[in-house]
Amino acid sequence: INAEYGFLVLLLSDAHVPHRAAVIPAKFKKLLVPGKISHILSPGNLVCKDVFDYLKTIANDVHVTKGEFDENTTYPDTKVVKIGNFRIGLAHGHQVVPWGDKGALALLQRQLDCDILVTGHTHQFEAFEIDRKFFINPGSVTGAYGGLVAEATPTFVLMDVQATKVISYVYQLKDGVDGEVAVDKIEYTRPEEGEETAATTAE
């Protein structure tokens, strides 16, 4: 896809190359062409430097937080990146207890003071809203085992970040690396400041 009005952002996590997967699926690589994606956000567990170097060939602006298996120990535990009008928080998620717990993720979102929180670790794609904030987990790009699953569906997300809206395109290989790529779409609209205050007051 092309971002018509904003920035195209790749969300990609939990590759676990080379220990749990050899490579990023070829069918995904064919879609991730240089020159279209503005930013790459990864919650972590890319593991080896080769994956980071590959991401740098797709876009110059790459942000990674530290998973518990990443060889690069200099990645930060959390990070907030401003893209357009959105503050996007990033954390791997192994620090969130229980893993993937919505209440714990909401607490982390408030601590980072972000509109969107991107986490990984569970190896399962998930997207939801809490208190008008958007939470998204792009799953494992290689379908590596771990997190909360013995077998995972390979997934990644492309976000089209517009002025007040984010459209997330979820790419999945539902039948494994040899399957066809399926795409789903999810939209999130950030509330206006007045709306947000009203919602908080109503609670």
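Modeller: Cys114 is buried, with a relative accessible area of 1%, where buried means under 20%, exposed over 50% and partly exposed in between, for a 1.4 Å probe and protein chains only. This is a predicted model, in which local features need pLDDT of at least 70 and side-chain atom pairs count only at pLDDT 80 or more, while totals for chains, interfaces and linings use all residues. Residues are numbered from 1 along each chain as its sequence is written, and side-chain values use heavy atoms, leaving out hydrogens and water.

Helices (H or I, at least four residues) and strands (E, at least two) are DSSP runs, numbered from the N terminus.

S2 (residues 39-42) is covered on both faces, with His39 and Leu41 buried on one side and Ile40 and Ser42 buried on the other. S2 and S3 (residues 61-64) run parallel, joined by four bridges, two strands being paired if DSSP finds at least two bridges between them, and Leu41 stands opposite His63 in S3.

In H2, the buried residues are Val51, Tyr54, Leu55 and Ile58. They lie on the same side of H2 because they cover an arc of only 100° around the axis, the arc being that of the directions from the helix axis to the C-beta atoms. The face turned away from that buried side carries the exposed residues Lys49 and Asp50.
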